[in-house]
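User: I'd like to learn how to read a few features of a model. Could you take me through them one at a time?

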Amino acid sequence: STMEETDREAVATAVQRVAGMLQRPDQLDKVEQYRRREARKKASVEARLKAAIQSQLDGVRTGLSQLHNALNDVKDIQQSLIDVNKDWRQSINTIENLKDVKDAVVQHSQLAAAVENLKNIFSVPEIVRETQDLIERGELLQAHRKLMDLECSRDNLMYEQYRMDSKNTHDMNLIHTYFGDMQKLSEELAKQLWMVVQRSLVTVRRDPTLLVSVVRIIEREEKIDRRMLDRKKQTGFIPPGRPKKWKEKMFNILERTVSTRIEGTQADTRESDKMWLVRHLEIIRKYVLDDLLVAKTLLDQCFPPQYDIFNKLLNMYHQALSTRMQELAAEDLEANEIVSLLTWVLNTYKSTEMMGNSELSPEVDVNSLNPLISQNVVDQLLSKYMSTLTSNIIGWLRKALETDKKDWIKETEPEADQDGYYQTTLPAIVFQMFEQNLQVAAQINEDLKTKVLLLCLQQMNSFLTRYKDEAQLYKEEHLKNRQYPQCYVQYMIAVINNCQTFKESIISLKRKYLKIEMEDTLSSSHTSMDATLDIIAKEGCSSLLDEVFMDLEPHLNELMTKKWLMGSNAVGTICVTVEDYFNDFARIKKPYKKTMTIEAHRRVVVEYIRAIMLKRISFKNAEERKEGAERMIKEAEQFRFLFKKLAAGSGEDTEGLCDIIEAIAEVIKLTDPSLLYLEVSTLVSKYPDIRDDHIAALLTVRGDASRDMKQMIIETLDQGPSQPNPNYVPIFKEITVPTLTVPKLLK
């Protein structure tokens, strides 16, 4: 069926192919040719099939023969195994008898090691002595070489013992004891090494080879440590005293040395030296910089690179410094000491004088150094500084004022500045103190400087109020007894001048220490200080003028009296007295002196006019009126001359004041009574603050106007227009006219 199917398929395929070949009639001629070609093809396919079947058959034959051989081999092996098993069972007893041989082999290897070590073992005491000598002579490398040999002998013996019988502690101890002196040698050598390490920064300059030897010894020991630890991992055995960890010890010693070096720089205490901290910090700075420069240039070359010796030392110094600075910060420091400490910690440490030194770069990068003390501690110190400074400034200011007050009662004049103006040392002392504290604060940072400036000006403000009160008391005390203090006028002038100095100093202090953008925060306190200073100066000036007018009083009382008319020299004396006082007042600084001159001029004129209005004289006739008026005009001229002289160079125009006296004189001098109204109305239009009682008094002094006439003139005047000089400062309103009392009328 499958075959039939296959046959059918083959026939069908053949039919298809033949049909394909015979498409056209002319192809029928080639039928024979086609048949031959197909026959050839069929023969070739059959030949290939035969060959394939043949080779398959050969392969099967070969396989069968190999399987047959393998079966025989398996049978042989099975037989051999049976024989071996039989032999092994028979020889078990023989193997057990060989244990003695095995033991003998172990013992032999130990004895061989012992013999090897014997010469070493016997020479141990000798080598110990030699090593001791070498250590004492400072030949450390050779000493260490011998020590290593000794340790090697001991460790090998112990290892053999451990391998042979790890439980036998007795023998172990025996070896340990025999090599006992060697342990002391190791300690002795270590002591020498640590001495060199402690002095490494000195040694490296004098004898670098010694330091290199020490480092080589430490390196050798580190290698042995590593080897022993590796062996311990494999065998569990480690000799006594291992690992020595000498490298770690060396770094610990360096660390202790650095700490001691920094702590040991404090030579003084506050009791023995006020500058103890500055000195202490300066020594630290110098030592640390020197040490690090040596470490970088010399020490670095004596150690293997992996020791990273410079950076390790740098960290040690930084750590030790940080510890020391924290200790110092915790002490009860004074204000100046806080500043010294903070300046050093925040600025000096990273400056070119220390860690920022160009020779230390690039190894030392100041930007990557941690702060020596925390911001928290810095803030605590700063707030302590500010509170101490506040109470200090209050105390200093109080003391400065007390000292200044003592000067005020001296019997010698105050000193004068280069321009001859009287002054006391108060402003200089106060501002020098402010300057010093600001310069100190500026060393720390901008922020502190601004805070200190605000503090100074704030304290200055309350200080000026006290200064004002003291000046007032000074004046009051003086008025109780005008003979005392002797130099009252001169010291009052100094107080006035100090106000000007204070003003200038405040401005220069702000200009020097205050950033422009901070100006506003201070403007109100500045304004209030200026106002206080102006009050002090103004009150000072007016108290000095009071002095003048107290002295002038008797002479002013003489004006407009019979005696005056007869020819007294009152005005001459007044001018001399004023000029005399103004010789002193020349020592007052410009702005205030100018005010003084104007005020004196004004007061003299006011007092003169007041004398007229007091009606102490009433002229009897035209002759007396003429004489009196001319005297008034002459005296006005004297005053004018005097004040021109006093105001010299100040460009002050006060001419107008004396004109008033002259205008009044004209009213008195007038001979024709019918023109009197006209004259008076001219006067009133010039000086509109003249009141009716002033005119009445003036007419009384004239002595020739009846009551009705006075009445008429006064009533008519009220309607008159006025045309005062625009610069005219009212002067009559300060002048009162005495009213007649009953007793006067009875007289």
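User: How many cavities of 30 Å³ or more does a search of the whole structure find?

Analyst: A word on the ground rules: this is a predicted model, where local features need pLDDT of at least 70 and side-chain atom pairs count only at pLDDT 80 or more, while totals for chains, interfaces and linings use all residues. Residues are numbered from 1 along each chain as its sequence is written, and side-chain values use heavy atoms, with hydrogens and water left out. A cavity is a set of points, on a 1 Å grid over the protein atoms alone, where a 1.4 Å probe fits but cannot get out; lining residues have an atom within 4 Å of a point. The search finds 3 of them at 30 Å³ or more.

User: What is the volume of the largest cavity, and which residues line it?

Analyst: Volume here is the space filled by probe spheres set on the points, with grid points joined across faces, edges and corners. For the largest cavity that comes to about 50 Å³. Its lining is Lys468, Ala471, Gln472, Lys475, Met492, Ile536, Glu539, Gly540 and Ser543. Helices H15 (446-480) and H17 (519-558) each give at least two of the lining residues; helices are DSSP runs (H or I, at least four residues), numbered from the N terminus. By class, the lining splits into 3 nonpolar, 3 polar and 3 charged residues, with Ala, Val, Leu, Ile, Met, Phe, Trp, Tyr, Cys and Pro taken as nonpolar, Asp, Glu, Lys and Arg as charged, and the others, Gly among them, as polar.

User: Now the domains: how far apart are the centres of domain 3 and domain 4?

Analyst: Domain bounds come from an automatic or database domain assignment. Here they give domain 1 (35-244), domain 2 (250-373), domain 3 (379-542) and domain 4 (559-734). Over C-alpha atoms, the centres of domains 3 and 4 are 43 Å apart. Their contact (heavy atoms within 4.5 Å) takes 19 residues from domain 3 and 12 residues from domain 4. Buried area is the accessible area (1.4 Å probe) that two parts lose on being put together, summed over both. For this pair it is about 1,300 Å², with 57% from carbon and sulfur atoms. On the domain 3 side, Tyr421, Gln500 and Cys541 lose the most area, together 36% of what that side buries.

User: How many salt bridges are there between domain 3 and domain 4?

Analyst: Side chains of opposite charge can pair when their charged atoms come close. The cut-off is a side-chain nitrogen of Lys or Arg within 4 Å of a carboxyl oxygen of Asp or Glu. Between these two domains the count is 0, though the structure holds 44. One of them joins Glu402 and Lys405 (3.6 Å, N to O), 3 residues apart in helix H13 (residues 375-408), about one turn of the helix.

Note on methods: 1 Å grid on protein atoms, 1.4 Å probe; cavity = no way out; pocket = protein on both sides within 12 Å on 5 of 7 lines; lining within 4 Å.
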